[in-house]
Amino acid sequence: MRFPLRTQLPAALVLALTAAVPVCAQTPAANTAAAPGSERIKEVPSVSAVDPATIRPGQILFTDHRDNPSAPENGLIPYLDWQKARPAEAAVLAPYPGYKEPDYTVTVNGVTKPRHETLKIYVAEGRFIVPRPPEAIDIASFANLAFVQKMDPAIKHRAVSESDVTPNKDPAAAFAKRPDRPWCDGAGACIESRYDLEGKLPLGVKLANKLEEGSAKKIAEYVSFQSELRVLGSDQGAPLKALTKVDTAVTGGLEQTIFWVNQILRFGKFLAVFQPLPNDPTKTVVTTYMALAIKGDVLDRKAEYARVPVLKNLLPAQVLMGNSSFNTGNSISAGLPVYARNRITTFADALVKR
């Protein structure tokens, strides 16, 4: 979400904007209410360091690597550092093996230049127990549009064909193509999704766009994305077991990969890995991951915002990490930490009910 701002603003416009939104540069997040199911979530420094046999019925172990949640970018890690610090995680949660930060060309004032895009990664990890053996869980029954539609009612989804996928057909999106196959080839579902920003965020976007009148590229009041949903078989168990660090065979997995986003993010992945509970094969330990790659330039708007008091609390890092008075609800507008907790909790509930 890039907000280039002019440094000189008409006084009347500044007054109008200030009247529209309270000036509160250091205001803590307005969305302080607990996310659904949060009383069930046990925050831990490391999910893999906890014996899964100690997880209580209905409990979800959770970490998103934030040791100082009030810091603007706490919990985010540069993509290259992620690969070095958590290689097993990066190997599985990247869009595909060998993924690199994008390189492409941009044209400004008629001049075309190469551009390298840096990314910062947010990863949330959850773990819970299903009181049934893995063979009693039909993973394929979750790999469809109907199931995705139930995960978050604030996000609207529709099925699309492989030929509708932007990186598959648009030469300008060639940097987002898979090198080994087309996106959605053989997937359980190919999905296009749209999320309309909630609460005060649309107003904030309108204000930012008004401050940059005449700009060719406006900030959208929604996030749209394309993804593929597929079942992972036990033949892919080696890297998944290295990731979960649970010492039983991987029986399968469910993976949703977001490969095309209109703004803010570059890619995302939701992954659930299924394994027998060690020493109790009548139960299943499920480890879930949500990885989201944020465009580096989205987070580099500090100086511009600081010059406009009304937008100080719309700093992208604050909004994305749930530390802004603009945050609201339980979906993406609540910030990534609330959204991740809600998605993992909803998925856990769906598994237990089936």
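## A charge over a ring

R343 sits over the face of F270, 4.3 Å from the ring centre. K200 does the like with F326, at 5.5 Å from the ring centre. The test for a charge over a ring is that NZ of Lys or CZ of Arg lies within 6 Å of the ring centre and within 35 degrees of the ring normal.

A word on the ground rules: this is a predicted model, where local features need pLDDT of at least 70 and side-chain atom pairs count only at pLDDT 80 or more, while totals for chains, interfaces and linings use all residues. Residues are numbered from 1 along each chain as its sequence is written, and side-chain values use heavy atoms, with hydrogens and water left out.

## Two cavities

Searching the whole structure turns up two cavities of 30 Å³ or more. A cavity here is a set of points, on a 1 Å grid over the protein atoms alone, where a 1.4 Å probe fits but cannot get out; lining residues have an atom within 4 Å of a point. Grid points are joined across faces, edges and corners, and a volume is the space filled by probe spheres set on the points.

The largest cavity holds about 400 Å³. It has 31 lining residues, and F225, L265, L292, I332 and Y339 are the closest to its centre. Elements that each supply at least two lining residues include α4 (145–151), β9, β10, β12 (280–295) and α10, with β11 giving the largest share at four residues. Helices (H or I, at least four residues) and strands (E, at least two) are DSSP runs, numbered from the N terminus. By class, the lining of the largest cavity comes out at 22 nonpolar, six polar and three charged residues. In this scheme Ala, Val, Leu, Ile, Met, Phe, Trp, Tyr, Cys and Pro are nonpolar, Asp, Glu, Lys and Arg are charged, and the others, Gly among them, are polar.

The second largest cavity has about 40 Å³ of space.

## Helix α10

Buried means under 20% relative accessible area, exposed over 50%, and partly exposed in between (1.4 Å probe, protein chains only).

## The second largest pocket

The second largest pocket has a volume of about 320 Å³. A pocket is an open set of points with protein on both sides within 12 Å along at least five of seven lines. Its lining counts 19 residues, and P97, L232, Q236, E255 and K269 are the closest to the centre. β9 gives the most to this lining, with four residues. Sorted by class, the lining of the second largest pocket has 11 nonpolar, two polar and six charged residues.

## Aromatic pairs

There are 13 aromatic pairs in the whole structure. Rings of Phe, Tyr and Trp (its six-membered ring) pair if their centres lie within 6.5 Å; planes under 30 degrees apart are stacked, over 60 edge-to-face and the rest tilted. One of the pairs is Y96 with W183, tilted at 50 degrees between the planes and 6.2 Å centre to centre. Y96 is in the loop between α3 and β4 (103–108) and W183 in the loop between α5 (166–169) and β8 (189–196), so this pair ties together parts 87 residues apart in sequence. Both Y96 and W183 are buried.

F175 and W260 also make a tilted pair, 6.1 Å centre to centre with 45 degrees between the planes. Here F175 comes from the loop between α5 and β8 and W260 from strand β10, so the pair links parts that are 85 residues apart in sequence. Y79, W82, Y96, Y99, W183, F259 and F267 form one aromatic cluster.

## Loop residues

H65 lies in the loop between β2 and β3. Its phi is near 60 degrees, a positive value in a residue other than glycine. H65 counts as partly exposed because its relative accessibility is 29%. R66 lies in the loop between β2 (60–63) and β3 (76–78), and at 19% relative accessibility R66 counts as buried.

K245, in the loop between α7 and β10, has a positive phi too, near 65 degrees. K245 is exposed, with a relative accessible area of 58%.
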